[in-house]
Amino acid sequence: MGGMKDADIIIGGIKDGKPYFADYHAKGKQTPDVDASQDWTLLSASENSTHTTLKVTRVFNTCDDEDVPISNDTTKIIWAIGATDDIVQHRKRGAASANILDSAAGTWNGPESEIWHINVKTKLPANDTIYWCTAHKSPDYDVKRHVVGFQYMYGWAVGGDPLILPENIGIPLNEFGLPEYFLLEVHYDNPKKLVDLHYSTGVEVYTTPRLRKHEAGIIRMGYETDIGLMIPPNSSNYIIAGHCSGTCTENRLPEEGIKVFTLILHSHLAGRKMKLRQFRNGVELPWWAYDNNYDFNFQQNRILPEHKQIFKGDHLTFECTDDSSDRSPPEAILGGLSTRREMCLAFVMYYPRISTLNNCGSHFGERATLLTKLGIEKMQPIDSATKVEVQNLTRFGEHLENCEPQTQNDVIKQVKVSYPEFKPYIPKNECDEDPIIKEKH
């Protein structure tokens with residue numbers, strides 16, 4: 001999470017006109033140890049009066065226990081600068097999260113006249129959490145436009161960089177040549193319940209009159225936020241699962257299906273890992289949306305390098321792995337809107353846009369069974385065996401599904417859903433298969 005323990009470190013610079021460089025690892029807050037296997041390679045080094053620049057390379061997974069694999073997961077990058085070239089206590093240091101393998105965020109090159117500025121000035125109440133909603137009228141564009149990107153302003157988005165849509169995708173704005181009204185919802189955290197807080201925030205919406213080939217929509221997937229989303233006290237690797245059934249996709253998606261091009265995986269402070277799983281005809285497909293090192297303070301749209309198809313009849317399950325062991329005093333974490341409560345949601349952006357599906361999630365339906373299992377009326381302690389039973393009950397038990405929007409003549413009623421019968425996807429272990437790596441290590 002950004003500390004030195006178990007960090008994969010490279011140290012280098014230029015001393016007396018010559019570069020020095022080596023591969024290290026850290027066991028804690030102490031001088032790093034040199035790796036037995038030097039897996040990073042220095043390509044070039046340069047230095048001027050203000051900067052030292054090192055260009056390095058390494059394979060993504062060295063299969064070296066002293067290295068950290070470079071993967072699809074969020075990576076915490078730590079840095080430190082010393083006052084001299086000697087490896088002693090650093091003078092400056094910092095940390096930042098990054099999705100190293102993701103494409104770089106795009107840039108907006110349009111004129112100022114095509115930017116819709118949404119500004120909000122707020123005096124917040126002294127509440128722990130508040131969702132503040134404001135209505136905003138779109139600009140007086142007299143023809144339909146496409147929204148092609150967003151930028152959160154004033155630093156209030158948790159982690160997020162700008163989102164610039166692919167060149168052939170847009171979101172409709174002023175569809176009938178008339179202004180429209182939009183609701184902007186901002187989640188503010190005020191854990192100390194400070195009074196008389198005044199904040200300004202907003203969004204820049206980038207638009208174009210040049211309509212693009214595809215129009216995008218959003219589907220929310222995951223576990224509906226209610227009491228069934230519950231992590232017992234002192235629990236690690238506790239899995240929550242929400243389903244979007246094949247019945248829902250069969251009835252709501254077009255014949256050609258939809259294509260996903262970006263998404264946000266969302267949890268709160270207890271979230272550690274997340275994975276969107278896709279099942280088709282009894283077989284689990286390779287994972288394409290997951291993060292085994294989730295950072296609540298770095299919530300970024302993940303642009304997919306290849307757009308992923310969801311067909312009619314596909315079943316999707318969104319899993320969150322949570323941890324409540326750092327709460328002091330120990331406490332159960334319930335589903336809820338506050339940052340100290342939990343969510344387990346994926347916001348999937350796709351094309352072509354459809355009007356028949358915007359929410360496909362589930363929640364554990366047998367509340368009475370859950371409350372009885374937890375002994376909530378007696379507030380009795382929860383032992384390890386009960387934690388496992390509760391997790392299995394809420395994860396693998398029957399859920400009630402929400403397949404929305406509902407219509408008056410809807411053939412889908414609220415149905416019970418769980419994991420389908422499937423053959424699981426098992427990723428290949430490249431460290432076991434590569435003879436060169438096996439010989440090396």
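Start by selecting Arg302: at 9% relative accessibility, Arg302 counts as buried (buried means under 20% relative accessible area, exposed over 50%, partly exposed in between, with a 1.4 Å probe and protein chains only). This is a predicted model, in which local features need pLDDT of at least 70 and side-chain atom pairs count only at pLDDT 80 or more, while totals for chains, interfaces and linings use all residues. Residues are numbered from 1 along each chain as its sequence is written, and side-chain values use heavy atoms, with hydrogens and water left out.

Stay with Arg302, which sits in strand 23 (residues 302-310); helices (H or I, at least four residues) and strands (E, at least two) are DSSP runs numbered from the N terminus.

Next, go to residues 41-47 and 52-57. These are strand 4 and strand 5, which pair in the antiparallel sense over six bridges (pairing takes at least two DSSP bridges between two strands). Four residues lie between them in this hairpin. Pick Leu42 and you will find its bridge partner, Val56, in strand 5.

Finish at helix 3, residues 384-396. Which of its residues are buried? Colour Thr386, Lys387, Val390, Gln391, Thr394 and Arg395. They cover an arc of only 155° around the axis, so they lie on the same side of helix 3 (the arc is that of the directions from the helix axis to the C-beta atoms).

Terms used. Expected span 1.5 Å × (residues − 1).
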